[in-house]
Amino acid sequence: MTLRIGPLELGVPLVLAPMAGVTNLSFRRLCREQAVAAVREARPQEELPEPLNGTKAPAGLYVTEMVTSRALVERHPGSLRMVASDPTEYVRSVQLYGVDPETIARAVYMLAVEDRADHVDLNFGCPVPKVTRKGGGSALPWKKDLFRDIVTQAVDAARRGSKDGGRAHEVPVTVKMRMGIDDDHLTYQDAALSAREAGIAAVALHARTTEQYYSGNARWEYIARLKETVDIPVLGNGDIFAGDDAVRMMEQSGCDGVVVGRGCQGRPWLFADLAYALLGSEKRVRPHLREVSEMIVRHAELSVGEFADEYKALREMRKHVGWYLKGFAVGGPQRRDLQLVSTVAELRERLAQLDQDQEFPPGAEGPRGRAGTAKVPHLPHRWLESRELATGDTDMLADAECDTSGG
């Protein structure tokens with residue numbers, strides 16, 4: 001079950017969605033290692049490609065944290081660090097966020113001509129109020145002319161950057177978006193058709209509206225409608241918490257692949273579970289606490305290498321440790337002590353004090369992260385009165401760029 005996105009060939013139709021503060025280099029590597037190991041076991045006769053080959057991703061795409069286009073073109077050190085790759089990656093995938101067509105085009109060109117990415121995804125799915133109230137994120141596709149200009153200039157910049165950089169293959173550009181602002185203001189079909197016309201290689205749909213935020217259920221039937229609307233690959237996103245969920249989504253919607261976000265928080269092995277399921281294997285992954293503990297330590301060690309600062313890396317690990325241990329019988333004092341560690345040695349020691357023979361508990365299944373409730377969308381004044389940009393909107397949109405991920 002492979003998926004082609006422009007020149008890219010995904011051995012498993014699987015994508016790790018960007019999440020701010022979560023999908024850094026270390027976490028992406030863990031998820032990818034899990035999926036690659038599953039592919040090796042499910043397809044032992046298949047020879048995997050060399051890392052950093054640029055087009056062949058045997059276990060799917062593992063996208064960077066969302067990078068703000070303005071910060072990238074200004075070469076902020078943090079943004080450059082976020083798009084850095086490691087030697088084990090196969091296809092380097094970067095997600096950009098922005099509201100200005102020219103700035104996004106400059107960022108895409110930079111990634112292509114400087115050989116910093118093999119794939120660029122554009123985020124139009126962020127529902128966070130401080131983004132949407134300025135017309136960014138999932139509010140932006142409502143303005144058809146702005147959306148069209150962004151995707152058109154991004155695709156053109158990828159083509160020029162690939163050519164000027166002497167690359168063998170053009171860097172494909174894809175789009176991730178939501179259904180729309182609310183049920184009365186849907187944008188996904190118009191936006192997908194516009195993206196297709198601009199040369200976008202694939203589109204991913206989080207089957208919720210801005211109003212839904214992360215609440216309720218993802219409505220996979222809208223993914224099916226999008227699949228009927230465009231003749232480019234359609235990827236589905238929303239409520240995938242196990243390999244069997246991905247299989248059901250593809251069967252019910254007809255989508256070409258799946259994008260997984262919050263479901264993998266504290267659960268990198270989900271990508272092995274997904275790979276087995278999507279490759280038709282009956283094997284599923286439900287690790288004992290001992291295996292989870294080993295993965296926590298592995299995660300911490302990778303983070304120390306990434307940040308070159310053990311204390312900072314262990315601070316970053318705190319939220320992950322809570323997610324990793326979700327559902328396991330770990331007492332409050334033990335959880336608190338784990339949140340206070342400042343070295344990998346301390347982390348290893350305190351994990352060893354837990355009952356390592358615990359089997360994977362039912363409480364560790366299902367959704368991760370805070371779903372919350374539906375929220376009234378925060379939009380610019382009179383935003384919904386027209387599908388075209390109004391005078392003065394451009395200045396306001398400049399304030400919409402921020403380092404907030406979501407979708």
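# Asp-118 and its protein chain

Asp-118 and Arg-167 are joined by a polar contact between their side chains, at 3.0 Å. The structure is a predicted model. Asp-118 lies in a loop, with helix H4 (101-113) on one side and strand E8 (119-124) on the other.

**Surroundings of Asp-118**

- Asp-118 has a relative accessible area of 6%, so it counts as buried, for which the cut-off is under 20%.
- Leaving aside neighbours within four places in sequence, the residues in contact with Asp-118 include Tyr-90, Val-91 and Arg-92.
- Arg-167, Val-171 and Pro-172 are also among the contacts of Asp-118.
- Leu-8 and Gly-54 are in contact with Asp-118 as well.

**Fold of the chain**

- The protein chain contains 15 helices and 14 strands.
- Its radius of gyration is 21 Å, close to the 22 Å from the globule rule for 407 residues, so the chain is as compact as a globular protein of that length.
- Along the principal axes, the C-alpha atoms of the protein chain fill a box of roughly 65 × 45 × 45 Å.
- Of the contacts between residues at least 6 apart in sequence, 76% join residues at least 24 apart.

- Of the 407 residues in the protein chain, 59% are buried, and Asp-118 is one of the buried residues.

Notes. Residues numbered from 1 in each chain as written. Predicted model: local features only at pLDDT ≥ 70, side-chain atom pairs only at ≥ 80, totals over all residues. Heavy atoms only, no water. Helix = DSSP H or I, 4+ residues; strand = E, 2+ residues; numbered from the N terminus. Buried < 20%, exposed > 50% of the residue type's maximum accessible area, 1.4 Å probe, protein only. Polar contact = N/O pair within 3.5 Å; in protein donor to acceptor, adjacent residues only side chain to side chain. Contact = heavy atoms within 4.5 Å. Rg over C-alpha atoms; globule rule 2.2 N^0.38 Å.
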